[in-house]
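Here is a short briefing on one structure.

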Amino acid sequence: MIALTGNLLLLFALLSSISTLIFAKTPAINVDKKYKFTCLFGVFQFLFIFFSYILLTYGFIISDFSLITVWQNSEIQKPLIYKITGVWGNHEGSMLLWLLILSVFLFFIIKYDRRIPRSVLLNTIAVQTSIIFAFLLFIIFTSNPFALQLPAPIDGIGLNTLLQDPGLIIHPPMLYVGYVGYSVLFSYSVAIMLENPQTDNWAKWVEKWAYISWTALTLGICIGSWWAYYELGWGGWWFWDPVENASLLPWITGTALIHSLHNYKSTGQHRDWTLLLSLLSFSFSLMGTFLVRSGILTSVHSFASDPQRGLWILIIMSFFILFSLLIFLRNLQKENEKKDFVFFSRGTFILINNYLLMVSVVVIFFGMMYPLLLEALTEDRITVGPKYFNIVIAPLVIFIAFLMPIAPNLSWQDNWTQYALKKLMISFVITISITIAIQILIYGNAYTFNLLLLGLAIWIIIVSIIDLLPRNLSNFNLSFSELKRKNLPIMGSRIVHMAFGMMIFGIIYASAFSENKDLKMNLGDKIQINKFELQYDGFGTHIGENYDDLQVNFSLMKDDKKVADMAPAKRFFRKSGDITTEASIQKYYFDHIYITVGEVQEQFIFVSVSYKPFVRFIWLGGFLMAFGVSFKTLFRSKIIGITDASAN
Amino acid sequence: MTNKVKRLYFYTTATLLSALAVGLVLIALEENIIYFYSPSQIDQSAATNLVRVGGLVKNGSLKMYNDLGIKFIIEDNVAEVSVTYNGILPDLFREGQGVIAEGKFIDNIFVANEIVAKHDENYMPKEVYEALKNK
């Protein structure tokens, strides 16, 4: 039953998208009717896809093993939450989720963007629908989640045990919302290029989508990094793995896009470049999906995969990229060259920001694709080591971090203002003092290079905070409304900049000053790690819903006082017999003590203990970045009101 | 200076910097690529750089010796490579299954500093799959 209904729903969704396209693009129909029916069928697409997704989830919950997807990726014994999230723990289900998010965004466009001129809106809906159409075909023909097998087996094979983790509940959907969010920007950009509306308001229409996608992508990447850190037991937060890089590329172009939109909105410059950035962001999103789904690159994310599907996504990807580039090239507009060129202006600095970000994209893309290129040419098989990425990215980050706090203090057209110069000077002195204090008080022997990077991170944080302080500190009786008027418009961006500073600080600090010990311990043994002492107290078992844990107990002590109990474990899944490592992480202010166990014997254990100072800043910074942009999105109408009122 | 000249300076600088970046990238790449070999392809005396060796973990070859030391053999039905590794093995490391080790040859023994982990027990690294297929 489920299989039949599911297939029908997908078919109806397909028919709805065809109807949407027909109504949106047939010139003979009058505009009102056109708009009404296009929206109607757009909503139908969403509803049919939504119900098919619910239906698949239901299939997972009741363990209907006549569905091949359910049989391959679920089992009766699995906890309910992993039955629900397991829907996207496999290829078919995750592609259906991708499709669902595409259609949810279509629904949002229809519901929330009514005020945008009809002609642009209809084209946007048409482009978005054609993306949905392509993925619907892909799902129906190569990855149908409702494929049937009879008779139904008694029990399923089960979900990959590494995926049975809370991190999986939100990592893929968040990442997908980010990836797919750029489809909206893509659709709008194509529509704008086709229609070429004479107003420059379009930057305001698409801005919120750029924020939403960026927020989701940031959260998705952060949660993924956090998941790798604690669940996979590797203790690292970024590996420059091809699939990680693939998610970083749209993030970087998305960052460039937000800045470029801001520039275009304020100065009307670089229209084409801004449009190109939205096209690029979605192209990289498609590429990310293609890389994960095709298994073409060797990556820790590679799952057993079918090359046939990779080919399909490659075709979809090439089609949309070529199609949009063609429209882009046909609609290039002459740049307004009359404006004065002032080097120390915000516009120029945003241009530099975009330049540096694009260089990062190119070097990461190159490092990622070089193995494929070399293999095609010489049959040599290589991997590009993480060191390459660190070496090429570090100088770019140095430039970015140095310029980042300066740019928002410049005005759009004039040179420096006295006030901004003074503020930056003071911040610079504070930064230098703190950096020197760190060097003298904490590490007498820190490498100059690390210190430089730490200093830059502090520089970003300090300037961002000072930007938000009242202009005249001695006269502190500023009214709340006064502070709100000044701070609300810049609050979001300063939070994001500061959070980026925190992240850089965490990355540099944790990389430079972490300590790790791999060793063998007997019962009662104590080891010293940094200022902590760790004692091995023996092991016990813990019985979970579909697994048994072999827990190894430690006491963490500092200055002979017990700080915490820690219990890393080996997790044995009853059905599959799989073993996973469960790390134990104890936080101590911004630091982590991180333990994983290897071999556990009656007499001894193998254990890996790490001390990671300030590592929490990495994710804290990431989440704060997402928060800052959400802040900007949520208070957008207010902010626009304030800036319009105070425009001088 | 006119605007045109200013812009020209700006974009010329950007181009020169890009060229510099390309140079640095190529140098960084040259020094940080890691070649992959199957046991039968490798010339042990020549491979003193960091390399990756991939194949199957030979059945019955896994031995633990003092402390965290581990020894095993990677094979591809033609040749074998003895590997030593100091540290904790990934959970999906099994005898008879695919593996990739990263490290250097020291006195004809491959000293691994990393055993590359994977997400999925059914997944065979592409390099290993093709290395075995060609034998």
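A crossing is left-handed if the near helix is turned anticlockwise from the far one by less than a right angle, and right-handed if clockwise. By that rule, H8(A) passes H17(A) in a left-handed crossing. The model is predicted.

**Helix pair in chain A**

- Two packed helices are described by the angle between their axes and the distance between the axes.
- Helix H8 of chain A spans residues 202-230, and helix H17 of chain A spans residues 616-634.
- Their axes come within 9 Å and cross at roughly 165°.
- Angles over 145 degrees count as roughly antiparallel, and H8(A) and H17(A) are therefore roughly antiparallel to each other.
- On the H8(A) side, the contact includes A:Lys208, A:Tyr211, A:Trp214, A:Leu219 and A:Trp226.
- On the H17(A) side, the residues met include A:Trp619, A:Gly622, A:Phe623, A:Val629 and A:Lys632.
- The residues of this contact between H8(A) and H17(A) divide into eleven nonpolar, five polar and two charged.

**Nonpolar core**

- The largest nonpolar core has 197 residues.
- Those with the most contacts inside this core are A:Leu99, A:Leu102, A:Ala457, A:Ile460, A:Ile504, A:Phe505 and B:Ala101.
- H8(A) gives the largest share of this core, 17 residues.
- Leaving out residues up to four places away in sequence, A:Leu102 touches A:Ile131, A:Ile132, A:Phe135, A:Val180 and A:Ser183.

**Fold of chain B**

- Chain B holds two helices and seven strands.
- From the N terminus on, its elements run α-β-β-β-β-β-β-β-α.
- Chain B has 135 residues, of which 29% count as buried.
- Take the contacts in chain B between residues at least 6 apart in sequence: 55% of them join residues at least 24 apart.

**B:Gly69**

- B:Gly69 lies in strand S4 of chain B, residues 69-75.
- Is B:Gly69 buried or exposed? B:Gly69 counts as exposed, because it has 12 C-beta neighbours inside 10 Å.
- B:Tyr85 is 16 residues from B:Gly69 along the chain, yet their C-alpha atoms are separated by 5.9 Å.
- Leaving out residues up to four places away in sequence, B:Gly69 touches B:Met64, B:Thr84 and B:Asn86.

Technical notes
Residues are numbered from 1 along each chain as its sequence is written. Chains are lettered from A and ligands numbered from 1 in the order in which they are written. This is a predicted model: local features need pLDDT of at least 70, side-chain atom pairs count only at pLDDT 80 or more; totals for chains, interfaces and linings use all residues. Helices (H or I, at least four residues) and strands (E, at least two) are DSSP runs, numbered from the N terminus. A residue is buried if 20 or more other C-beta atoms lie within 10 Å of its own, exposed if 12 or fewer, and partly exposed in between; C-beta atoms are placed from the backbone. Two residues are in contact if their C-beta atoms, placed from the backbone, lie within 7 Å. Axes are lines fitted to C-alpha atoms, for helices over the stretch in contact, and angles run from 0 to 180 degrees between N-to-C directions. Angles under 35 degrees count as roughly parallel, over 145 as roughly antiparallel, 65 to 115 as roughly perpendicular and the rest as oblique. Ala, Val, Leu, Ile, Met, Phe, Trp, Tyr, Cys and Pro count as nonpolar, Asp, Glu, Lys and Arg as charged, and the others, Gly among them, as polar. A nonpolar core is a set of buried Ala, Val, Leu, Ile, Met, Phe, Trp, Tyr and Cys residues joined through C-beta atoms within 7 Å.
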